[in-house]
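Biologist: I would like to learn how to read single residues in a structure, step by step. Could we go through it together?

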Amino acid sequence: MTENQKFMIRCIALAQLGAGTTSPNPMVGAVIVWKDKIIGEGYTSPYGGAHAEVNAVNAVKLTYGEETALDMLKGSTVYVSLEPCAHYGKTPPCADMLIDLGVPKVVIGCADPFAKVNGLGIQKLREAGIAVEVGVMEAECRFVNRRFFTRIKENRPYVILKWAETKDGFFAPEDGSQRWISNKVSKQLTHKWRSEEDAILIGTATALIDDPMLDNRLWSGKSPKRVLIDKKLAVPTTNRLFENSQTDLIVFNEEKTEWDGHLKYIALENFDLYLPQNILYQLYLMDVQSVIIEGGTKTLDMFISAGLWDEARVFVGDVTWGSGIPAPALGKSPQVEKQVATDVLRLYYR
């Protein structure tokens, strides 16, 4: 492992600490190295706050004092998992800050495809005489921001499918009853995932059968926006989805468009025509960067058939039913398998 890789691994770990808080901005980690020693590090603050590079520089100043820190920075290498921004947004450009500080070298994990950056940060740094190295652990840095890259390049949220199935491949009972498959540890992990994504989506049948809350009460952090596909508005407002006024409930339907605080009805024309595409585009327009789909087989199969999924997280419970509704099929083998107590977690990437 090279020195550059060692410090970039730390950047990636720092970036992941911003999961669930930075959207629609990317998650970025930054490390400042002086004489082979880390003297400051930071990651992107919640949306609207300071970027990773600013937090890392401030950490150096806090530790060593303003005057000493400024001298040290003039002899330091800054490692950052994503290209420093070159434009004014919620905060000033990080590339300009690094230039003003007189940093001699910047090592970047991957370029930023956002139109207002897209190589301009790298160009600014080089034109100022800073040595710039790009592409250190690029694949790993891109993976951390797969949600951000999908939104920028495909104009839609990153789509995560999630379900549980039995050892013999069944998803739900045939009689429409509710029957639990995965264990308590897997349930808690699911709530952790919810805190890391912008939205969670289900269909009408799941809402009527399970009466879910779709929050992350078993984990810390924010709960996601709730998204319901309900063509004829069949889910009654006594359903628990309507009780929570802390996060948005977005109801895609063909009956009405009406916004009332957290409750947002969005009517889609030609409802059944390109439904998953239209839903994802509407969510994109609402700055939703990622969505977990926890619906029934009809909802999951709709997105699978359209090829509109990026990742699938499938719990295989330690139970056998012998009959039931078959689980969705992805037509490929999992890239990763993990043990979660008595369950097996299979991860698929499209």
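Biologist: In which loop is Glu294 found?

Modeller: In this predicted model, Glu294 is found in the loop that runs between β13 (290-293) and α11 (297-305).

Biologist: Does Glu294 count as buried or exposed?

Modeller: Buried means under 20% relative accessible area, and Glu294 counts as buried because its relative accessibility is 14%.

Biologist: Which residues are in contact with Glu294, once its neighbours within four places in sequence are left aside?

Modeller: Glu294 is then in contact with Lys162, Thr190, Arg194, Ile200, Leu201, Ile202 and Thr206. With Arg194 there is also a polar contact, in which the two side chains are joined at 3.0 Å.

Biologist: What does UniProt list for "binding site" together with Glu294?

Modeller: An unreviewed UniProt entry lists Arg194, Thr206, Leu214, Arg217 and Glu294 under that feature. In the model, the lining of the largest pocket includes Arg194, Thr206, Leu214, Arg217 and Glu294.

Biologist: Where is Arg217 found, and how is its accessibility read?

Modeller: Arg217 is found in the loop between α9 (204-210) and β9, and at 43% relative accessibility this residue counts as partly exposed. Not counting residues up to four places away in sequence, Arg217 touches Lys187 and His191.

Biologist: At which residues does UniProt place the other "binding site" feature?

Modeller: The unreviewed entry places that feature at His51, Cys85 and Cys94. These residues span 44 residues in sequence, yet no two of their C-alpha atoms are more than 9.1 Å apart, so they gather at one spot.

Biologist: Where do the two cysteines lie, and are they buried or exposed?

Modeller: Cys85 lies in the loop between β3 (77-82) and α4 (94-101), whereas the place of Cys94 is in helix α4. Cys85 counts as buried at 8% relative accessibility, and Cys94 counts as buried at 1%. Setting aside residues up to four places away in sequence, Cys85 touches several residues, including His51 and Cys94, while Cys94 touches His51, Glu53, Val54, Pro84 and Cys85.

Biologist: What can be read from the side chain of Thr247?

Modeller: The side chain of Thr247 reaches the backbone oxygen of Pro224 at 3.4 Å, and a polar contact of 2.9 Å joins the side chains of Thr247 and Arg226. Thr247 sits in the loop between β9 (225-229) and β10 (249-253), and this residue counts as buried because its relative accessibility is 12%.

Methods:
Residues are numbered from 1 along each chain as its sequence is written. This is a predicted model: local features need pLDDT of at least 70, side-chain atom pairs count only at pLDDT 80 or more; totals for chains, interfaces and linings use all residues. Side-chain values use heavy atoms; hydrogens and water are left out. Helices (H or I, at least four residues) and strands (E, at least two) are DSSP runs, numbered from the N terminus. Buried means under 20% relative accessible area, exposed over 50%, partly exposed in between (1.4 Å probe, protein chains only). A polar contact is a pair of N or O atoms within 3.5 Å; within protein, one must be able to donate a hydrogen and the other to accept it, and residues adjacent in sequence count only if both atoms are side-chain atoms. UniProt positions are given in the numbering used here, feature names are shortened, and annotations may be inferred rather than shown by experiment. On a 1 Å grid over the protein atoms alone, a cavity is a set of points where a 1.4 Å probe fits but cannot get out, and a pocket is an open set with protein on both sides within 12 Å along at least five of seven lines; lining residues have an atom within 4 Å of a point. Contact means heavy atoms within 4.5 Å.
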